[in-house]
Amino acid sequence: MISRRGFLKLMGGSFAGLMALGGYAFAYEPLARLGISHYRLTPPGWTPGLKLRLVALADFHACEPWMSADRIASICARANELEGDITLLLGDYAAGMNMVTHYVHSSEWSKALATLRAPLGVHAIMGNHDWWEDRTAQKNGGGDTFGHRALAEAGIPVYSNRAVRLKKDGHGFWLAGLEDQLALLPGRKWGRSRMQGLDDLGGTLAQVSDDAPVILLAHEPDIFPRVPERVSLTLSGHTHGGQIRLFGYSPVVPSRYGDRYAYGHIVENGRNIIVSGGLGCSMVPVRFGVPPEIVVIDLG
């Protein structure tokens with residue numbers, strides 16, 4: 001039998017361990033870590049000889065102390081060092097969290113994002129929190145959010161169900177971006193009985209006018225089962241990898257598919273999606289096993 005002294009020692013050690021674990025998940029991992037996740041692939045339908053490096057940033061959730069404007073600027077500086085041909089922003093710039101000391105205004109986070117540089121430009125889509133935090137956009141049921149306007153003023157084009165043809169070394173490819181799938185909240189004050197998306201997958205892909213490969217930006221990965229084989233690669237954020245990920249599994253994921261599209265490179269029926277673990281936190285400032293990351297993808 002364990003003695004009283006031994007029991008107290010065991011309990012004290014366990015408590016200390018839990019406190020250390022909590023401190024790591026609550027402070028160190030979300031605040032201090034920044035990883036680079038690197039993928040290499042040649043997806044189906046990719047043009048031979050087209051070498052393209054993508055740098056993708058998702059889910060900043062700008063707020064203090066977790067994601068200040070200075071921290072966003074430092075992340076952007078690191079992203080510039082990765083020498084991407086094109087930089088892609090996958091949505092959720094607004095905070096979406098109450099446990100903050102200060103909300104970072106869109107004029108501040110967009111100024112930090114304006115420091116991003118890439119030969120083929122910086123391109124963005126919006127996320128659900130960019131819509132949810134804008135009461136005017138919710139009331140109007142569409143239009144531009146303050147996030148759309150802030151990015152435009154920073155010189156960063158926002159793709160709202162739009163596709164554009166770009167070129168690298170004489171080879172063409174399409175960049176297509178969807179508007180958010182969860183944009184409009186339900187509620188009597190909004191006159192909506194259910195969540196409504198503003199995405200138009202068919203209309204967006206109808207703008208693709210030749211057989212060059214297509215890269216699709218979609219904030220939530222739940223669209224992926226509907227994405228046709230014509231799309232070479234889909235890029236998403238939103239899930240944060242569940243914010244807590246143990247042994248390759250996330251117990252809580254903001255997706256109707258659970259862990260299926262929580263994180264990483266997923267291949268289904270020859271179709272490819274890469275889901276970023278993101279940079280900030282939503283709801284609660286906790287990360288464990290899925291530190292903030294910049295995603296680098298080498299295609300070709």
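Predicted model: local features only at pLDDT ≥ 70, side-chain atom pairs only at ≥ 80, totals over all residues.
Local features rest on a pLDDT of at least 70, side-chain atom pairs count only at pLDDT 80 or more, and totals for chains, interfaces and linings use all residues. Residues are numbered from 1 along each chain as its sequence is written, and side-chain values use heavy atoms, with hydrogens and water left out.

Side chains of opposite charge can pair when their charged atoms come close. Across the whole structure, 10 salt bridges are found, a salt bridge being a side-chain nitrogen of Lys or Arg within 4 Å of a carboxyl oxygen of Asp or Glu. One of them joins Asp 298 to Arg 53, with the closest N and O atoms 2.8 Å apart. Because Asp 298 belongs to strand 13 (residues 293-299) and Arg 53 to strand 2 (residues 52-57), this pair ties together parts that are 245 residues apart in sequence; strands (E, at least two residues) are DSSP runs, numbered from the N terminus. Asp 298 is buried, at a relative accessible area of 13%, where buried means under 20%, exposed over 50% and partly exposed in between (1.4 Å probe, protein chains only).

Another salt bridge links Arg 260 and Glu 268 at 2.9 Å, N to O; Arg 260 is partly exposed at 40% relative accessibility, whereas Glu 268 is buried at 16%. Through shared partners, salt bridges also join Arg 40, Arg 53 and Asp 298 into one network.

Definitions and conventions:
Helix = DSSP H or I, 4+ residues; strand = E, 2+ residues; numbered from the N terminus.
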